[in-house]
Amino acid sequence: MKFKLSSKILFLGVIGLSGLILGTVNVNAASFEDMKEHVEAGEGQVYNPISNEIMDEEKSLEYVQYIEEALEGSNSEEIPEEIQIEAFIETKSEESPQSNVDDMFPPILTRGTTPPTGTPRIVDDFVKPYESNPFSGSGWHFSGLRFTVRNVKLSPYFGIRAHLDSFKFFNGMHDVVVPVSNNFTYTVSNFRGTPFIGYFATWNPVTNSRYHIY
């Protein structure tokens, strides 16, 4: 059975206040500078695929600072993948809390509702963060849309967040548990220059829960 909302937030260590007005976000898509701005303001956190965790504020700041120092003196707007990997390794926790959080979502079965398969929406084209329709009901529920980026150099991250209930964001390589929070979680948008195509899912959603992405 799915844990109660308060239990999910406790597991993740991310306490968000639902229903607050979303702060200003620079779109289109999530650039490094945009992520840096929100992390430094305490309004964003970074998902680390090496340790499978959403890093806390301190670790997220360390990640941003590592990238900045590694790119110092570079004229390129692109963040090389090897630098991202090094940054994730240097800032990962010794023991990941995400493994426990994953237990609140059961395995996805092929019966009934299924993941979306249509042409993905290009996040670069959004004029503001996309807000989903409200979710409710029992069992697995999936986003009707898939999402990707066009320009991985300018948009190396997805910014994702959840309202009222947690979601999972599946991108084909990482399954990111998105906590209830007024802050965005930032996760890489590509692997070796190939854009990820992601979608959202939630189990027994709280009525009127939504996801956001840019």
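Mentor: A residue counts as partly exposed when its relative accessible area lies between the buried limit, under 20%, and the exposed limit, over 50%. Please bear in mind that this is a predicted model.

Trainee: How is isoleucine 50 classed, and what is its relative accessible area?

Mentor: Its relative accessible area is 43%, so isoleucine 50 is partly exposed. The residue sits in the loop between β1 (44-48) and β2 (53-54).

Trainee: Which nonpolar surface patch includes Ile50?

Mentor: Ile50, Ile85 and Ile89 make a nonpolar surface patch of about 240 Å². A patch of negative charge also occurs on the surface, where Glu33, Glu37, Glu40 and Glu43 gather. Of these, glutamate 33 belongs to helix α2 (residues 32-40).

Trainee: How many aromatic pairs does the structure hold?

Mentor: There are 20 aromatic pairs. Planes over 60 degrees apart count as edge-to-face. Phenylalanine 147 and tyrosine 211 have ring planes at 80° and centres 6.0 Å apart, so their pair is edge-to-face. This pair links distant parts of the chain, 64 residues apart: phenylalanine 147 lies in strand β6 (residues 147-148) and tyrosine 211 in strand β14 (residues 210-213).

Trainee: Are phenylalanine 147 and tyrosine 211 buried or exposed?

Mentor: Phenylalanine 147 is buried at a relative accessible area of 0%, and tyrosine 211 is buried at 2%. A further edge-to-face pair joins phenylalanine 184 and tyrosine 214, with 4.9 Å centre to centre and 80° between the planes.

Trainee: Which aromatic cluster includes Phe147 and Tyr211?

Mentor: Both belong to one aromatic cluster, whose members include Phe126, Tyr130 and Phe135.

How values were computed
Residues are numbered from 1 along each chain as its sequence is written. This is a predicted model: local features need pLDDT of at least 70, side-chain atom pairs count only at pLDDT 80 or more; totals for chains, interfaces and linings use all residues. Side-chain values use heavy atoms; hydrogens and water are left out. Patches are made of residues with over 30% relative accessible area and no salt bridge: like charges are joined within 9 Å, nonpolar side chains (Val, Leu, Ile, Met, Phe, Trp, Tyr) within 5 Å. Accessible areas come from the Shrake-Rupley method with a 1.4 Å probe; for residues, only the protein chains shown count as cover. A salt bridge is a side-chain nitrogen of Lys or Arg within 4 Å of a carboxyl oxygen of Asp or Glu. Lys and Arg count as positive and Asp and Glu as negative; His and the chain ends are not counted. The place of a charge is taken as NZ of Lys, CZ of Arg, CG of Asp or CD of Glu. Helices (H or I, at least four residues) and strands (E, at least two) are DSSP runs, numbered from the N terminus. Buried means under 20% relative accessible area, exposed over 50%, partly exposed in between (1.4 Å probe, protein chains only). Rings of Phe, Tyr and Trp (its six-membered ring) pair if their centres lie within 6.5 Å; planes under 30 degrees apart count as stacked, over 60 as edge-to-face and the rest as tilted.
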